[in-house]
Amino acid sequence: MRVGVLTGGGDCPGLNAVIRAVVRKGVQEYGYDFTGFRDGWRGPLEGDTVRLDIPAVRGILPRGGTILGSSRTNPLQSENGIHRVKENLAKCEVDALIVIGGEDTLGVATRLSDEYGVKCVGVPKTIDNDLSATDYTFGFNTAVGIATEAIDRLHTTAESHMRVLVVEVMGRHAGWIALHSGLAGGANVILIPEQRFDIERVCGWITSRFKASYAPIVVVAEGAMPKDGEMVLKDGTLDSFGHVRLSGVGEWLAKEIEKRTGKEARTTVLGHVQRGGTPSAFDRWLATRFGLHAIEAVRDGDFGKMVALQGTHIVRVPMGEATARLKTVDPELYTEVGVFFG
Ligand code: F6P
């Protein structure tokens, strides 16, 4: 049995931990061989492979990024994409494919599996934590830790200058990072994509915070939108899955706040800092368990499935189910944290 492995989409801390677990268990317990595909779906599309054996995965557990590389290549959008992927998998004598990715990468795996008979097992990853069917994706915990540390630091400089500090975090459709880091970091305003915000209300919270002689911290997810208006973007370029590149709402907010409250405001955009570097212990634990269970699914011939965390158990769910809809922040949960606003 030869198993292919690829990592696609935006990278996140813990990818290497999955690869290591898959290879270690696959070689040691089942005697499998592995082929790594470079840069997500580009690897099988172009037949670009990398050696993947136990020496290749030694020492990678705490390393951020992915030893396989990643990209947002979409084989469904490439000429003869499906055919080329299938042909290259056959050429490399790959019997099954472990696909580690988010909504887009796993969406492709679902179609390849359901419609074209490619034997895929999915592993959910994204710092955004927005995949349904799993309680958490790895990478999220690390990102929240980084954002929380940044908020802690911003509090002291905000207090020194008595100015507003706006922190823009990642989160395209889901505000999980904003919500968790904002709550953990004691933010005074948290804005998420799921709930359009009223700029007047935001300014009201800021003014009341100043009245209490404290400097406000506003945490905003990059996908958050004002009530009356469009998504605020720096540029409108698209990636290969057709998603517009985000960021800009933080800068916009600081300007609006200054204009409306007369208080000085600054913005920090955390950007890819949230995705880089070493994974937290929780993410290493989760990624490793996902890897162990993914190779077990291959051994069982249980294809078209994605491993998922439910409670403390790793379960297998149909991949299509996991990618059919996004897991967004429940309005009740958002209301619950509202007690700290202002
Ligand atoms: O998909 C995760 C994510 O971190 C989003 O929150 C963000 O919009 C996107 O990746 C940015 O990715 P890139 O800069 O790699 O296109």
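How many residues of domain 1 are in contact with how many residues of domain 2? The count is 19 residues of domain 1 against 17 residues of domain 2, where contact means heavy atoms within 4.5 Å. Welcome to this predicted model, in which local features need pLDDT of at least 70, side-chain atom pairs count only at pLDDT 80 or more, and totals for chains, interfaces and linings use all residues. Residues are numbered from 1 along each chain as its sequence is written, and side-chain values use heavy atoms, with hydrogens and water left out.

**Domains**
- The chain is divided into domain 1 (2-138 + 279-324) and domain 2 (141-276), with bounds from an automatic or database domain assignment.
- The C-alpha centres of domain 1 and domain 2 lie 32 Å apart.

**Around the ligand**
- Arg72, Ile127, Asp128, Met170, Gly171, Arg172, Glu222, His272 and Arg275 surround the ligand, each with a heavy atom within 4 Å of it.
- Domain 1 and domain 2 each give at least three residues to this shell.
- Sorted by class, the shell holds two nonpolar, two polar and five charged residues.

**Arginine contacts**
- An N or O atom in the side chain of arginine 72 is 2.7 Å from an oxygen atom of the ligand, a polar contact (a pair of N or O atoms within 3.5 Å).
- For the side chain of arginine 275, the distance from an N or O atom to a ligand oxygen atom is 2.9 Å.
- For the side chain of arginine 172, the corresponding distance is 3.5 Å.

How values were computed:
A polar contact is a pair of N or O atoms within 3.5 Å; within protein, one must be able to donate a hydrogen and the other to accept it, and residues adjacent in sequence count only if both atoms are side-chain atoms. Ala, Val, Leu, Ile, Met, Phe, Trp, Tyr, Cys and Pro count as nonpolar, Asp, Glu, Lys and Arg as charged, and the others, Gly among them, as polar.
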